[in-house]
Amino acid sequence: MRIIVTIQHPGHVHFFRNAIEKLECRGHEVHVFARESSVAVALLEGYDIDHEVLAGDADSLASLAAVQATYEAKLLRRARSIDPDVITAIGGVAAAHVATALRAKSVVFYDTEHATLITKLGYPFADVICTPACYREEIGAKQVTYPGYHELAYLHPDRFEPDPSVLELAGVERDETIAVVRLSSWEASHDVGHGGFDDPREVVDQLEDAGATVLLTAEGEPPDDLAEYQLETPPELMHDLLAFADVVVGEGATTAAEAAVLGTPSVYVNSLSLGYTAELDSEYGLLFEFNDEDRHVRALEQAVSIVERDDEPWAARRERLLAERVDVTNVIVQALETTARGERPEQPSLATNPG
């Protein structure tokens with residue numbers, strides 16, 4: 001079987017990397033194509049994944065259309081020479097368009113309800129659309145749901161074991177109380193018009209006053225007065241750091257969910273609520289979601305409370321989550337193999353977790 005995987009974002013590398021390895025071990029031919037992104041390419045190289053970069057990165061919303069058109073044209077040209085059985089992606093605009101042009105199958109994975117531009121351009125052309133069961137939109141006959149989250153494709157304990165050496169690289173000791181603060185750039189197409197913290201400086205100050213060592217990670221350049229807190233660890237080690245942190249506070253839903261499935265309480269500060277952030281909050285109490293007008297104040301109170309208390313059963317909450325959610329790498333592999341054969345993927349469940 002010939003499979004094309006397309007990458008447009010660092011998170012896509014994490015999502016697909018274990019599936020790529022498993023598919024290759026099962027004898028399939030996997031081709032990986034990326035749109036330029038310094039972090040995504042660094043991750044592909046860090047994980048030693050063979051890949052080809054087809055187009056430059058979009059540095060603004062205005063340039064996105066031009067970059068997307070170039071990317072799709074080059075992907076079509078390369079895919080035509082490969083003659084794939086199935087093309088896959090997260091979001092999947094280019095993947096679905098190219099697969100349609102070549103009469104190949106396409107499988108799209110997605111978990112972000114408010115990214116309407118991507119869904120309008122990609123969903124109508126996709127053959128199969130895989131979403132977490134908590135996804136709030138009903139897509140129709142193409143939709144296959146599963147009990148899990150994207151983050152469990154790479155952070156399930158069967159796929160990931162955190163490396164404590166990351167603490168030395170980050171310049172912190174094992175016995176320190178660590179707070180990771182994640183700031184978003186708010187330049188992505190699905191982030192326009194939304195926001196998180198009122199004042200990042202206040203976030204850092206209050207966490208430090210509560211006794212935490214603050215480590216900052218930001219999309220783009222952090223505010224000048226917070227540059228000294230910026231992490232210098234390699235991007236492929238970020239999840240190790242999240243696993244050993246005591247709290248993660250940030251504006252990005254993916255980072256918040258990553259921390260939560262690792263058993264680290266996360267405080268998510270964003271005007272947008274997603275199906276998976278809401279479920280990790282209401283069902284498991286591992287993520288605390290704040291999206292109303294006073295989100296900055298309430299989120300900061302929650303974060304400080306977590307730092308000042310150490311008696312919450314985070315590990316037990318994670319164990320329940322893992323017992324009730326599947327290893328999503330298996331979902332990816334099963335969906336691609338069955339779709340390429342012209343069959344409809346099974347609805348994965350805990351009882352029939354595909355292996």
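Is Asp83 buried, partly exposed or exposed? Asp83 is partly exposed, with a relative accessible area of 48%; here buried means under 20% relative accessible area, exposed means over 50%, and partly exposed lies in between (1.4 Å probe, protein chains only). Before you read on, please note that this is a predicted model, in which local features need pLDDT of at least 70, side-chain atom pairs count only at pLDDT 80 or more, and totals for chains, interfaces and linings use all residues. Residues are numbered from 1 along each chain as its sequence is written, and side-chain values use heavy atoms, with hydrogens and water left out.

- Helices (H or I, at least four residues) and strands (E, at least two) are DSSP runs, numbered from the N terminus.
- Strand E8 covers residues 178–183 and is mostly covered, as six of its six residues are buried.
- In a regular strand, side chains alternate between the two faces of the sheet.
- On one side of E8 sit Ile178, Val180 and Arg182, on the other Ala179, Val181 and Leu183, and all of these are buried, leaving both faces covered.
- Two strands pair if DSSP finds at least two bridges between them.
- E8 pairs with strand E9 (residues 213–218) in the parallel sense over six bridges; within E9, Leu216 is the bridge partner of Val181.
- Strand E10 (residues 247–250) also runs parallel to E8, joined by four bridges; within E10, Val247 is the bridge partner of Ala179.

**Cysteines**

- The model has zero disulfides, where a disulfide is a pair of cysteine sulfur atoms within 2.5 Å.
- Cys130 is buried, with a relative accessible area of 1%, whereas Cys25 counts as exposed at 65% relative accessibility.

- Most residues other than glycine have a negative phi.
- Asp48 has a positive phi, near 55 degrees, and is not a glycine.
- You will find Asp48 in the loop between helix H2 (38–46) and strand E3 (52–55), where Asp48 counts as exposed because its relative accessibility is 68%.
- Asp83 has a positive phi of about 55 degrees, although it is not a glycine.
- The loop that holds Asp83 lies between helix H3 (61–82) and strand E4 (86–90).
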